[in-house]
Amino acid sequence: MGKVNWWLWTKMLAAGGGVIWGGPALVRYLQPTDEELFQKYNPELQKRSLERRYEREKEFDDFVVKLKEQAKSDKPIWILQAEEEKANATNMARQQKLAESLRLAEEVKARREAMRKETGLPVDSGKQGK
């Protein structure tokens with residue numbers, strides 16, 4: 001074996017430390033904070049961001065609560081989330097069908113009243129044959 005070049009090892013350790021600690025420190029120094037970014041927004045965006053802040057925080061809190069509930073289950077989270085999405089899609093489809101049927105019922109009622117007016121019959125005021 002040869003002689004150990006301690007000066008070379010010292011330089012390499014110093015350079016490695018500079019890269020390992022200096023790189024992240026430089027990024028932290030240069031990266032703007034959330035407040036600095038917010039101040040760079042134009043006033044309209046600042047206003048919109050402040051208005052939606054509560055919504056975003058609530059959505060995030062709801063998401064975290066759901067994740068915690070799902071984590072208590074024995075099933076993997078991605079399976080539980082897929083099942084929940086499927087259930088939500090089914091509920092939304094039901095709500096859309098219900099809304100569509102209500103709209104159609106209102107349309108039929110309006111047509112019926114229009115026909116009664118045209119023929120001169122008394123317009124039914126919502127009372128069904130009592």
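Let me start with a term: a helix here is a DSSP run of H or I, at least four residues long, and helices are numbered from the N terminus. With that in hand, take Glu85. Its place is in helix 4. One caution before we go on: this is a predicted model.

Stay with Glu85 for a moment. Is Glu85 buried or exposed? Glu85 is exposed, because its relative accessible area is 57% and the cut-off for exposed is over 50%. Now look back along the chain to Phe60. Glu85 and Phe60 are 25 residues apart along the chain. Their C-alpha atoms are separated by 17 Å.

Next, the helix pair. Two packed helices are described by the angle between their axes and the distance between the axes. Our pair is helix 3, residues 43-71, and helix 4, residues 77-119. Their axes come within 10 Å. They cross at roughly 120°. That makes helix 3 oblique to helix 4. The crossing is right-handed.

Which residues make the contact? From helix 3, we have Phe63, Lys66, Leu67, Gln70 and Ala71. From helix 4, we have Ile77, Leu80, Gln81 and Glu84. Sort them by class, and you get five nonpolar, two polar and two charged residues.

Gln46 lies in helix 3. Gln46 is buried, because its relative accessible area is 18% and buried means under 20%. What does Gln46 touch, once neighbours within four places in sequence are left aside? The answer is Phe38, Gln39 and Tyr41. Look at Tyr41 in particular. Its backbone oxygen lies 3.4 Å from a polar atom of the Gln46 side chain.

Now Ser49. This residue also lies in helix 3. Ser49 is buried too, with a relative accessible area of 14%. Its contacts are Phe38, Tyr41 and Arg56, again not counting residues up to four places away in sequence.

Last stop: the start of the chain. Where is Lys3? Lys3 sits in the segment before helix 1, and helix 1 covers 6-30. Lys3 is exposed, with a relative accessible area of 82%. Pair Lys3 with Glu35. They are 32 residues apart in sequence. In space they are 55 Å apart, C-alpha to C-alpha.

To recap: helix 3 crosses helix 4 at roughly 120°. Gln46 is buried, and Ser49 is buried. Lys3 is exposed, and Glu85 is exposed. Thanks, everyone.

How values were computed. Residues are numbered from 1 along each chain as its sequence is written. This is a predicted model: local features need pLDDT of at least 70, side-chain atom pairs count only at pLDDT 80 or more; totals for chains, interfaces and linings use all residues. Side-chain values use heavy atoms; hydrogens and water are left out. Axes are lines fitted to C-alpha atoms, for helices over the stretch in contact, and angles run from 0 to 180 degrees between N-to-C directions. Helices (H or I, at least four residues) and strands (E, at least two) are DSSP runs, numbered from the N terminus. Angles under 35 degrees count as roughly parallel, over 145 as roughly antiparallel, 65 to 115 as roughly perpendicular and the rest as oblique. A crossing is left-handed if the near helix is turned anticlockwise from the far one by less than a right angle, and right-handed if clockwise. Contact means heavy atoms within 4.5 Å. Ala, Val, Leu, Ile, Met, Phe, Trp, Tyr, Cys and Pro count as nonpolar, Asp, Glu, Lys and Arg as charged, and the others, Gly among them, as polar. Buried means under 20% relative accessible area, exposed over 50%, partly exposed in between (1.4 Å probe, protein chains only). A polar contact is a pair of N or O atoms within 3.5 Å; within protein, one must be able to donate a hydrogen and the other to accept it, and residues adjacent in sequence count only if both atoms are side-chain atoms.
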